[in-house]
Amino acid sequence: MIFSAVVDVMPKAGISDPQGQAIERALPGLGFEGFDHVRVGRRIELTLEASDEATAAEAVRTACDRILANPVIEEYRITLVRLAAAAKAGGA
Amino acid sequence: MSARVGVVVFPGSNCEQDVVHAVRFLGGEAAYVWHHSTDLTGFDAIVLPGGFSYGDYLRAGAVAGRSPVVEALGEFVARGGLVLGSCNGFQILCEAQLLPGVLMRNECLQYRCQSTHLLVENVETPFTRGLRPGQVLTMPISHGEGKYHADADTLVALRKRNLVVLRYATADGQVTKAANPNGSVDNIAGIVSEDGNVLGLMPHPERAAEAALGGTDGLLILQSLLGSLVEDGTFLKR
């Protein structure tokens, strides 16, 4: 099965986020009032082939723990969607 | 016979030539090590140089921190090899968890390319044995992600075990907020591992290796490193 995974990586609560603060400060000057708690993260999209959803979820979690997120300062959220039954066979 | 230093080259490294030049100037043997290499038996010390390995994609040092050569560093250190990571090299060592903590985006959000003064806190390491306690070094930094961060437990351990080697300071050695170019906690500019074999620092010792270019304090660190590898004509570590 083919799965689509979207990983949202955000700074952990309490981690200084000067980018988010800079954006939050800039918004009122552009006419956006009342925008608070701006935080900036990273979104990673990928597809993967796996035998079932549990295996796919485990593989993405492992990738997050090992490289996609830095556990010292980041946390992640995975959204997994099944795309197709199987990979199309290549060739004629 | 002299100490043999391997300088790793990742795609995007840009300080390796200056490191090799400085090591050879001091009489050490230096060679480039491609990041795919896992055989480090020919070296006494490995340097992870500055640069923008993998374009700092994902996170600075994130991809390089999982390179074959970095995976081989654990075993290299276990058999007595020394490792020095400067700037991107420090980021890589933290991503590889060979050193604790992480280097984050500078608090001011600016890239900082400037000379810094560094208070030497620990002269018991192989990298600082040639220095005096409380000595102030001058070395340049050049980074956008140099803010050292670690959780509270790690910071307590760093302090308790005297693992902070260099702190950003004023010219006369005062550790102040104004002297901190990137918001690093406790003005931390460089730390050493528990066993003392791995040093990570954000400043560039190889860029303070020529009087004509502003200073030679970086040579003091490299000289301490080379001196720790050769004593009375025999090698301490191989």
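Q: Is Glu74(A) buried or exposed?
A: Glu74(A) is buried, as its relative accessible area is 13%. Buried means under 20% relative accessible area, exposed over 50%, and partly exposed in between (1.4 Å probe, protein chains only). A word on reading along: this is a predicted model, where local features need pLDDT of at least 70, side-chain atom pairs count only at pLDDT 80 or more, and totals for chains, interfaces and linings use all residues. Residues are numbered from 1 along each chain as its sequence is written, chains are lettered from A and ligands numbered from 1 in the order in which they are written, and side-chain values use heavy atoms, with hydrogens and water left out.

Q: Which residue forms a salt bridge with Glu74(A)?
A: Happy to show you! Side chains of opposite charge can pair when their charged atoms come close. A salt bridge is a side-chain nitrogen of Lys or Arg within 4 Å of a carboxyl oxygen of Asp or Glu. Here the partner is Arg59(B), with the closest N and O atoms 3.8 Å apart. Arg59(B) is buried too, at 7% relative accessibility.

Q: How many salt bridges does the structure hold over all chains?
A: There are 13. One of them pairs Arg161(B) with Glu194(B) at 2.4 Å, N to O. Arg161(B) is partly exposed at 44% relative accessibility, while Glu194(B) is exposed, with a relative accessible area of 56%. Salt bridges that share partners also join Arg42(A), Glu74(A), Arg59(B), Arg66(B) and Glu95(B) into one network.
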